[in-house]
2 protein chains.
Amino acid sequence: MSRTASSTDVFAAIADPTRRAILDLLRQGEQPVKQIAQPFKMSLPAISQHLSVLCEVELVTQRKKGRQRFYRLNPEPLKQVSDWVNHYEQFWQEKLDILGDYLEDNP
Amino acid sequence: MSRTASSTDVFAAIADPTRRAILDLLRQGEQPVKQIAQPFKMSLPAISQHLSVLCEVELVTQRKKGRQRFYRLNPEPLKQVSDWVNHYEQFWQEKLDILGDYLEDNP
DNA sequence: TTTTTAGTTAAGCAAATACTTAACTATTAT
DNA sequence: ATAATAGTTAAGTATTTGCTTAACTAAAAA
């Protein structure tokens, strides 16, 4: 069973704070590279490299328009992270309590 | 406002698949190092090093008993990851739908 | 056509990572 | 006391990462 980079390395992709910040930005909607880069102190190539890491794990997609490239969030691979983390969720109870109460009353 | 390593680097700590596997193991309860190391192909020092990374971000705690050291899961720092990922959760709707329905009926 | 703009790709580098083996510390057993 | 066990720490190494500047490609504007 082969594991593709896109499916295995999502955890590595979100390990970098800059890449998480980029994803956070993209929640506002798709944006061209220059606009994505603006809030960061690093060079444009650095951002471009981060974007290709995100692209490889399919956390973002690209759309060309003229000489601009719009990057758009694709959060679906984060489900992997969510699923993994949820195994530990019994340890911060609040949310589960609400859901638990609901399920108890609606079997 | 200083950011401690333990609060900032949880994402980096769980980026490594071996460390995630260790955490998964520890869900069964606390275990001594040798037992933790058993399923892995790498050396004991390698596992020991992974355990200290997990220790630094407080994802595990230590308890000494005789010459053994029992490591125990402390999943609380994962809340950080959970919180971050939840911002993207609107994209895989099922769970939120259940909770949403509940909140709608119980305002 | 020339120049500007938007962005990527290439090359290089310093620092961090994930290991290894060897040496060490502490505790228990003989 | 000596040896075995459980584990960490040290030192070294190959690889990966996150950046940089410089060179490139493609599209739009002059």
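At roughly what angle do the axes of α3 and α5 of chain B cross? I looked it up: the axes of α3(B), residues 17–26, and α5(B) come within 10 Å and cross at roughly 75°. Axes are lines fitted to C-alpha atoms, for helices over the stretch in contact, with angles from 0 to 180 degrees between N-to-C directions. That makes α3(B) roughly perpendicular to α5(B), a term for angles of 65 to 115 degrees.

I note that this is a predicted model, in which local features need pLDDT of at least 70, side-chain atom pairs count only at pLDDT 80 or more, and totals for chains, interfaces and linings use all residues. Residues are numbered from 1 along each chain as its sequence is written, chains are lettered from A and ligands numbered from 1 in the order in which they are written, and side-chain values use heavy atoms, without hydrogens and water.

Next I listed the contact (heavy atoms within 4.5 Å). B:Thr18, B:Arg19, B:Ile22 and B:Leu23 of α3(B) meet residues of α5(B), including B:Ile47 and B:Leu51.

Then I turned to DNA strand D. Of the 22 residues around DNA strand D, the nearest are A:Ser43, A:His50, B:Lys34, B:Ser48 and B:Tyr71; near means a heavy atom within 4 Å. Sugar and phosphate make up 68% of the atoms of DNA strand D within 4 Å of the protein.

I checked two side chains for N or O atoms. In B:Tyr71 such an atom is 2.6 Å from a phosphate oxygen of DNA strand D. In A:Arg67 one is 3.5 Å from a base nitrogen of DNA strand D.

Definitions and conventions:
A polar contact is a pair of N or O atoms within 3.5 Å; within protein, one must be able to donate a hydrogen and the other to accept it, and residues adjacent in sequence count only if both atoms are side-chain atoms. Helices (H or I, at least four residues) and strands (E, at least two) are DSSP runs, numbered from the N terminus. Angles under 35 degrees count as roughly parallel, over 145 as roughly antiparallel, 65 to 115 as roughly perpendicular and the rest as oblique.
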